[in-house]
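Please open the model in your viewer and keep the selection tool at hand.

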Amino acid sequence: MGKLKFITIAFSIAMLWACKKETPVNYALFSGNISNTKGGELKVSSLNGFSKTINVKDTGIFSDTLFIEENGVYNVRFGNLRFAAYVTQGANINIEANEKENIKSLKFSGDYADLNNYFIYKESKNLDFIMDREGSYNVDESTFETKVLNFQKDLENRLTSLKDIPENINENELRAINYGRLAKKSEYEKMYGYLSENKDFKASETFKKELNEISFDNAEDYLYSSDYQAMVSANIRKKAFDYYQKDSIPYSDASAKAVSEISNPIIKNAELYKAILMRLPMSKDKDKDLQDFLNASTSQKHIKKIKELYESLKVLDKGQPSPKFHNYENYAGGTTSLDDLKGKYVYIDVWATWCGPCKYEIPFLKKIEEQYQGKNIHFVSISTDKQKDKDKWKAMIADKEMGGIQLITDNDFNTSFVSDYKIMGIPQFILLDPNGNIVQANAPRPSDEKLVELFNSLNI
């Protein structure tokens, strides 16, 4: 009897262990240690609608779970680090990086480490190619063709040397490597014309033949290859610009028309999603933009995400208390917080020294500042330059004789003021009332005559 009882218990334990083992795991463990950081938000996303924000402590240590519905390559972003990672349900992914250095400082360990370190190698090679613009692009067609073909072969050799790569990833990556070569070719005409100071330069028809033959309706490649995706988006922008010129319609309408013509529903939904993510935080008519998106998209995942974004943006409506910034370094000395500026209207320019459109607005902003000197308004420029580029920030302020209150964030884009305002691109201009409440979270630019109209309507 004792023996039978023992067998029964052992069998029960074995069955429980088997059931536990077969329980599906729908998440991956993602952890790491990032040195030389003040902390911030690490964002993991995919065009299928997945997104997750992981809080990185000021020690650089983070650990979280990614509840993913499908295995695949995900985009990861933290500060100036942008990279891809292959993630599967049940995987344990770990990274080490240095935020003050570029992508080459990053190293994966854990599951799929070899494959993910290959992605880092690929990204670093691309970075080298881009940074050496003269050596990469200021060469004749034949030399350029040889360069990009050798680039492709190097990546293919590196990929094929890896072991135990999922078959579908190997096939997709080989196509992605080729798209990387084609993407570089698509930039050649513009880059060579600029670097050689030959604005009328045109690449030969032979050179452009394979570019003209690219099909832009492959959903699998769109979701996998960032280079293919970029070429699809560029093709849409080209069509939109053509409609804008020929049909004399607003660019937003021209862009919507170009997207509406995409035949593949996955690509169409993804392009709609990318566009609304950028447009909605800066929209002058969020209700209309949301409804246009809902009428066009058939992706329930994207619709859910955009509705959540729409609701979150209500905190930036007129009359809402403004998000705060605290103790930003002031070019004139000391630090300044938003609360220090209460009692007057505050017109804020969020910009950076590397941003072309930002620099374009500087002369217009100086003119507006002179026009309203001594009035009931503060003009504040907040630089999102990195702390290591602080000298560039100071030099540009001096060189361009910029006025107003000049501040720099404590951690470039990775600061709560920028994230709370959902700023997706710069420059962005913000107008607050004397009580620190929002007048417009996306106010007119200094170059827009509507800015003076707005100021006058408020009797500033």
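**First stop: α2 and α5.** Select Leu115, Tyr118, Phe119, Lys122, Asn126 and Phe129 in α2, which meet Ile169, Glu173, Ala176, Ile177 and Lys184 in α5; contact here means heavy atoms within 4.5 Å. By class, this contact of α2 with α5 comprises 7 nonpolar, 1 polar and 3 charged residues. Ala, Val, Leu, Ile, Met, Phe, Trp, Tyr, Cys and Pro count as nonpolar, Asp, Glu, Lys and Arg as charged, and the others, Gly among them, as polar.

The model is predicted: local features need pLDDT of at least 70 and side-chain atom pairs count only at pLDDT 80 or more, while totals for chains, interfaces and linings use all residues. Residues are numbered from 1 along each chain as its sequence is written, and side-chain values use heavy atoms, with hydrogens and water left out. Helices (H or I, at least four residues) and strands (E, at least two) are DSSP runs, numbered from the N terminus.

Now display the whole of helix α2 (residues 113–131) together with α5: they pack at an angle of about 5°, with their axes 13 Å apart. Axes are lines fitted to C-alpha atoms, for helices over the stretch in contact, and angles run from 0 to 180 degrees between N-to-C directions. The helices α2 and α5 are therefore roughly parallel to each other. Angles under 35 degrees count as roughly parallel, over 145 as roughly antiparallel, 65 to 115 as roughly perpendicular and the rest as oblique.

**Second stop: α4 and α5.** The crossing in which α4 passes α5 is right-handed; a crossing is left-handed if the near helix is turned anticlockwise from the far one by less than a right angle, and right-handed if clockwise. Among the residues that make the contact are Phe144, Val148 and Leu155 of α4 and Leu174, Ile177 and Tyr188 of α5. The contact of α4 with α5 divides into 9 nonpolar, 3 polar and 7 charged residues.

Next select helix α8 (residues 226–247), which packs against α5 at an angle of about 40°, with the axes 7 Å apart. The two helices α5 and α8 are therefore oblique to each other, and their crossing is left-handed.

Select Ser105, in the loop between β7 (92–98) and β8 (107–110). Which backbone nitrogen does the side chain of Ser105 reach? That of Asn98, at 3.2 Å. Leaving aside neighbours within four places in sequence, Ser105 is in contact with Glu96, Ala97 and Asn98.

Move to Glu401, in the loop between α14 (390–399) and β13 (405–408). Phi of Glu401 is near 50°, a positive value in a residue other than glycine.

Finish at Pro427, in the loop between α15 (416–420) and β14 (428–432). A cis peptide bond joins Ile426 to Pro427, with omega about 5°.

Conventions: A polar contact is a pair of N or O atoms within 3.5 Å; within protein, one must be able to donate a hydrogen and the other to accept it, and residues adjacent in sequence count only if both atoms are side-chain atoms.
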